[in-house]
Amino acid sequence: LPSLSSYSKAWLDSLRNSKSPNPNPNDSVIGPPRPPPGPVPDEDDEDVMVGPPPPPPGSGEDDDNDVMIGPPRPPVGPSSDSEEDEEEENRYRIPLSNEIVLKGHTKIVSALAIDHSGSRVLSGSFDYTVRMFDFQGMNSRLQSFRQLEPFEGHQVRNLSWSPTSDRFLCVTGSAQAKIYDRDGLTLGEFVKGDMYIRDLKNTKGHISGLTCGEWHPKTKETILTSSEDGSLRIWDVNDFKSQKQVIKPKLARPGRIPVTTCAWDCEGKCIAGGIGDGSIQIWTLKPGWGSRPDIYIEKSHSDDITGLKFSSDGRTLLSRSFDGSLKVWDLRQIKAPLKVFDDLPNNYAQTNIAFSPDEQLFLTGTSVEKESTVGGLLCFYDCSKLELVQRVGISPSCSVVQCAWHPRLNQIFATSGDKSQGGTHVLYDPTLSERGALVCVARAPRKKSVDDFEAPLDPVKSHKPELPITGPGHGGRVGSTKGSLLTQYLLKQGGMIKETWMEEDPREAILKYADVAEKDPKFIAPAYAETQPEPVFAKSDSEDEEK
C-alpha cells in the first residue's frame with residue numbers, strides 16, 4: 001500500500017505539470033506520460049514566443065508588403081551619370097566588353113562581309129587582297145585560311161555574300177566583278193563593255209572601275225553593281241557575258257557622272273544609288289520600269305556619297321558622305337532630312353552605315369584627320385530619338401571604314417587601318433554574344449612538346465633556295481637595290497665600292513706612273529734600249545709660240 005500511494009502521487013504530479021485542460025485521474029496511463037498537446041498560455045505567459053521574431057513594423061499600413069528577400073534595392077533618388085550610362089548600355093545591350101582583331105592586311109581594310117550563319121568572315125583591303133577567316137576552324141592565333149588577289153593592282157572595294165552563303169561577290173577597282181564559291185575558288189567574272197560605244201545601254205558591261213556591288217537579299221541569281229562610268233547594272237550570275245538591266249541616273253546635264261554607291265532594300269524591290277552630283281535616286285523594280293527614278297533627292301550631300309542603307313520597313317534611308325555627315329531620310333517626305341549628324345570625318349569611299357539586329361540603333365565609323373588627336377571611332381545612334389548614344393574608340397591612329405552588327409552572333413565588326421596596316425575588330429560580350437569570336441578565342445594553339453622531333457634538312461639535298469643578299473653584292477650575286485635601279489644604287493652607294501676612277505682626273509691618273517715607267521721599263525722600252533735614238537726636239541724662236 002505505501003508503494004501504491006507514492007505511485008498515485010507521482011502520477012497526479014505529472015498531470016499537473018502537463019497542464020492539460022481537463023485532467024482526469026480515472027484515465028489509466030501505461031508507460032511514460034504523454035507529451036503535452038501544446039502550451040496553453042496563461043495570463044502571466046503573454047510574452048511567450050515560438051519561432052524567430054517577426055520583422056520590425058514598416059512605415060505602411062500593411063507590414064507584410066515590406067518584407068524583402070534578396071539583396072537590398074538601390075536607394076531611390078537622383079542617380080549619377082555613370083549609373084545612367086550603365087542603364088542606357090544595358091537597355092541597348094551593346095556587346096562591347098571584349099575584343100579581338102583579325103589581322104593580316106598591310107593596308108586599310110575597305111570591305112567586309114560576314115555570311116548569314118556567322119561562321120565565315122571576308123575582309124578586303126587596299127593591298128589588293130581578300131582574306132577569308134573561318135571561326136570554326138580558327139584558333140586564338142586568328143589566322144586566315146585563304147588569301148586571294150581578285151584583280152592585280154586594283155583595290156578591293158566591296159564584298160557581298162549570296163542569300164544562301166554558298167558564293168560571294170567581289171568588287172574591285174577594275175571594270176569586272178568576280179564571283180567566288182564559299183572556299184574561295186573563282187566561278188567567273190563579268191564581261192567588260194566596249195569603251196568606244198557612247199550609249200552605255202548598248203554596252204554589255206561596265207567600261208570603268210566599279211565603285212560598289214551587292215547581292216540581291218532574296219534572289220540568289222541577281223546582283224547589282226555601280227561604276228565610275230555613270231551606270232548601275234543588274235546581272236544574272238548564270239550569265240557572265242551580258243547584264244540583265246542597265247540603269248542610267250537622271251542628270252541635270254548630259255554626261256557621265258560616276259555612281260559612287262548602291263544598295264538594295266531589305267525585300268529586294270527597290271534600288272538606291274548615290275550619284276556624283278550629290279543626289280540620291282531610288283528605283284522601284286516593277287514591270288516595264290526604266291531609268292527614270294521614282295524618288296529623286298536633289299543635292300542630298302555636298303560631296304560624294306559613300307554609303308546608303310534602307311531600314312527593314314523601307315520607309316527610312318540612311319546616307320553617309322565625304323562631307324562628314326550622316327543623314328536620316330523619311331522616304332515619304334524627301335524635301336528635308338529628318339536629322340543630320342555632323343562632325344563625322346570621312347576620308348574613304350567605302351565608309352558605310354549599319355543597323356543593330358532589332359533596329360533600335362544604327363552605327364557608322366569615322367576617319368582620322370591629320371591634325372586631330374581623336375582616333376577612329378564607332379558611333380551609335382538611337383533610331384527613335386535620333387540622338388547619339390555612345391562613341392567607342394576602335395583605334396587611336398587608324399580610321400574606321402566598314403562596320404556590321406551580326407544578328408545571329410550579336411557581335412560588332414569594324415574594319416580599320418592606314419597606309420601601313422589593316423585589321424578587322426570584333427567586339428563581343430561573353431554574356432550576350434554567341435559562337436563567332438567566342439569559339440576561336442577558347443581554342444589555344446598547340447604547345448610544343450619536349451618530345452617533338454623534326455628531321456634536319458640538308459639545304460643542298462632539299463633544294464632550298466639561297467636567301468637574298470641584304471647588303472652589297474659579291475661572288476657574282478647582286479644585292480638588294482632598295483627599290484631603285486642598279487645604276488642608281490651603285491651611284492648612291494659609291495662609298496661601298498673600292499673603285500674611285502669616276503672621281504679622278506684621267507691625266508693625273510696616267511702621269512702618276514710616269515716615273516716608275518722611266519726607271520723600270522718592262523715591255524717595249526727594254527727591246528729598243530740599245531738602238532733607240534735620242535729624241536731631238538726643234539726649238540722655237542718665235543715668242544708667240546712660247547706664249
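Two strands are said to pair if DSSP finds at least two bridges between them, and strands themselves are DSSP runs of type E with at least two residues, while helices are runs of type H or I with at least four residues, both numbered from the N terminus.

## The model

This is a predicted model, in which local features need pLDDT of at least 70 and side-chain atom pairs count only at pLDDT 80 or more, whereas totals for chains, interfaces and linings use all residues. Residues are numbered from 1 along each chain as its sequence is written, and side-chain values use heavy atoms, with hydrogens and water left out.

Strands of a sheet pair through backbone hydrogen bonds, either parallel or antiparallel. Here, four strands in the order S6-S7-S8-S9 make up an open sheet with antiparallel pairing. Its edge strands are S6 (156-161) and S9, each of which pairs on one side only. From one strand to the next, the twist averages 20°, where axes are lines fitted to C-alpha atoms, for helices over the stretch in contact, and angles run from 0 to 180 degrees between N-to-C directions.

Within this sheet, strand S7 (residues 167-172) and strand S8 (residues 178-181) are joined in the antiparallel sense over four bridges. For Phe168, the bridge partner in S8 is Tyr180.

## Salt bridges

A salt bridge is counted when a side-chain nitrogen of Lys or Arg lies within 4 Å of a carboxyl oxygen of Asp or Glu, and a search of the whole structure finds eight of them. One of these joins the side chains of Arg120 and Asp134, at 3.8 Å from N to O. This pair links distant parts of the chain, since Arg120 belongs to strand S3 (residues 120-125) and Asp134 to strand S4 (residues 130-134), 14 residues apart. Both Arg120 and Asp134 are buried, a word that stands for under 20% relative accessible area, with exposed meaning over 50% and partly exposed in between (1.4 Å probe, protein chains only).

Another salt bridge brings together the side chains of Lys248 and Asp199, at 3.4 Å from N to O. Lys248 lies in the loop between strand S13 (245-247) and strand S14 (259-264), and Asp199 in the loop between strand S9 (186-189) and strand S10 (210-215), so the pair ties together parts that are 49 residues apart in sequence. Lys248 counts as partly exposed because its relative accessibility is 32%, and Asp199 is also partly exposed, with a relative accessible area of 31%. In a further salt bridge, the closest N and O atoms of Lys286 and Asp294 are 3.3 Å apart. Lys286 is partly exposed at a relative accessible area of 44%, as is Asp294 at 39% relative accessibility. Through shared partners, salt bridges also join Arg120, Asp134 and Asp183 into one network.

## Cysteines

A disulfide is a covalent bond between the sulfur atoms of two cysteines. With the cut-off set at a pair of cysteine sulfur atoms within 2.5 Å, the structure holds zero disulfides. Cys379 is in no disulfide, and the nearest cysteine sulfur, that of Cys403, is 9.7 Å away. Cys379 is buried, with a relative accessible area of 0%, and Cys270 counts as buried because its relative accessibility is 18%.

## A loop residue at the surface

Ile524 lies in the loop between helix H6 (514-519) and helix H7 (543-546), and it counts as exposed because its relative accessibility is 63%.
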